[in-house]
Amino acid sequence: MTIPEPPDSSTVTTENPDSYEKSKTAVSQQPVQLGVEQVDEIPEKWKVSPENRAVTSAFEFIDVPAIDLSLMETDRAELARKLRDAATRGHFCRIVNHDVPLELMKEIEIQGKKFFGQSIEVKSELVGRGDAVAYYTGNNTTEWRHSLHWAESFAMLLGPWNTVDLDVVKKCTAIWVTADDEFRKAFLKYLICLKSTTEKILQLFAEGLGLKSDFYSSVLEAGIAARWNYYPVCPEPDEVLGAHSHTDPQFLTFIQQDQVDGLQVQLDGQWYNVETVGGTLLMSISDLFQIWTNGLFKSVLHRVLVNRDVPRFSIAWVISVVHKQDLAPPEELIDEKHPRVYRDLTAMEYFQTMMTSRLEKATDPRVFNGQTIIDNFRI
Ligand SMILES: O=C(O)CCC(=O)C(=O)O
Ligand SMILES: [Fe+2]
């Protein structure tokens, strides 16, 4: 997935930011061949190494802690504790009774699937526009990775949450020809509802850590990005991965999924299936949050499997922090037993290191699970 560098401190990259120069080179030198669903035999470049091969049925489903936001008034402390426990374990949470109405979730899913249903020719035109706020990345445009994703994505860099309005949505959907004004309005409404959900979650996180409720409120001034993912059916699903094992590099991610399973989480070295539950949002801690909590919260290590019969669809809402954010942990999280793990750094410094590492060590799978990057900042 080739993603341009954020143009200023208020925007956010989706997962795997890449340098703009690199992405331009990659796209212009390579004939773009998209649409893996037309392939009968899997070309080597998609095949994962034997130890990474996987079939969904070979793994157990794991319980995902549910955070029911309708209990905010009555069971606030319990919700905060549950969130903290899941985050400390490096596990997903399932947000239920959030503020995004089901009709909006359905509408967005229908429209997203229409986008990916366009012809390969149309989608190829939308690849790798370096300075664009929205662009498509097909499954053959990520050749710098150790092996390719069996997936297609559409990234939208929406910019600071506070400034997202219909004009921003129009810009981000300008190349999305199947989008109409009804969809744009629905999309904007969705974002507003997601923002109020995020605000609640941020308060609960802060309270669970014994901090003032508004400790993380600056996150709402930062950028938000949407990554629309589509995983085509695959003739040999255990030879490939829809998304390789990775942690998300920003602060927090919410995921909306359709009815098809495939997401997995790694806990204590074991992979588990994460069931998709319609109408809910999965939430995961990302690398910056791990650093900001002195390593107390763990960035969620996850991957996506594909299957032979049904394509899969998801949207990852990627929430960042302002790039000037000082990631020094709050003093409440430091004591003799818990000394500082990471040196002082800003979010910008982290992003720069991440981009360099990913370019220099593209063949090292660990750079995608954040470990080699985060380790750069250990004291
Ligand atoms: O498709 C999914 O369920 C997860 C997607 C994901 O991990 C990502 O976009 O970062
Ligand atoms: Fe992810």
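Colleague: Does Ser-299 count as buried or exposed, and at what relative accessibility?

Modeller: Please bear in mind that this is a predicted model. A residue is called buried when its relative accessible area is under 20%. Ser-299 has 10% relative accessibility, so the residue counts as buried. Ser-299 sits in the loop that runs between α7 (287–292) and β11. The side chain of Ser-299 also makes a polar contact of 2.5 Å with the side chain of Asp-287.

Colleague: How is Thr-56 to be classed by relative accessible area?

Modeller: Between the buried limit of 20% and the exposed limit of 50%, a residue is partly exposed. Thr-56, with a relative accessible area of 23%, is partly exposed. Thr-56 belongs to the loop between α1 (20–29) and β1 (66–68).

Colleague: Let us turn to a helix. Which residues of α2 are buried?

Modeller: One may begin with the span of the helix. Helix α2, residues 76–89, comprises 14 residues and reaches 20 Å from first to last C-alpha, close to the 20 Å expected at 1.5 Å a residue. Its buried residues are Leu-79, Ala-80, Leu-83, Ala-86 and Ala-87. Viewed down the axis of α2, these buried residues fall within an arc of 130 degrees, so they line one face of the helix.

Colleague: Which residues come nearest to ligand 1?

Modeller: A ligand site may be read as a shell of residues. Around ligand 1 there are 14 residues, of which Arg-227, Tyr-231, Gln-257, Arg-312 and Ser-314 come nearest. By class, this shell has five nonpolar, five polar and four charged residues. The strands β5 (223–231), β7 (252–257), β11 (302–304) and β12 (312–319) each contribute at least two residues to the shell.

Colleague: What distances separate oxygen atoms of ligand 1 from the side chains of Asp-248, Arg-312 and Ser-314?

Modeller: Here one looks at pairs of polar atoms. For Ser-314, a polar side-chain atom lies 2.7 Å from an oxygen atom of ligand 1. For Arg-312, the distance from a side-chain N or O atom to a ligand 1 oxygen is 2.9 Å, and for Asp-248 the corresponding value is 3.4 Å. Ligand 1 has 290 Å² of accessible area on its own, and the protein covers 99% of that area.

How values were computed. Residues numbered from 1 in each chain as written. Chains lettered and ligands numbered in written order. Predicted model: local features only at pLDDT ≥ 70, side-chain atom pairs only at ≥ 80, totals over all residues. Heavy atoms only, no water. Near = heavy atom within 4 Å. Polar contact = N/O pair within 3.5 Å; in protein donor to acceptor, adjacent residues only side chain to side chain. Areas by Shrake-Rupley, 256 points an atom, 1.4 Å probe, with all protein chains shown as cover. Helix = DSSP H or I, 4+ residues; strand = E, 2+ residues; numbered from the N terminus. Nonpolar A, V, L, I, M, F, W, Y, C, P; charged D, E, K, R; others polar. Expected span 1.5 Å × (residues − 1). Buried < 20%, exposed > 50% of the residue type's maximum accessible area, 1.4 Å probe, protein only. Arc of directions from axis to C-beta.
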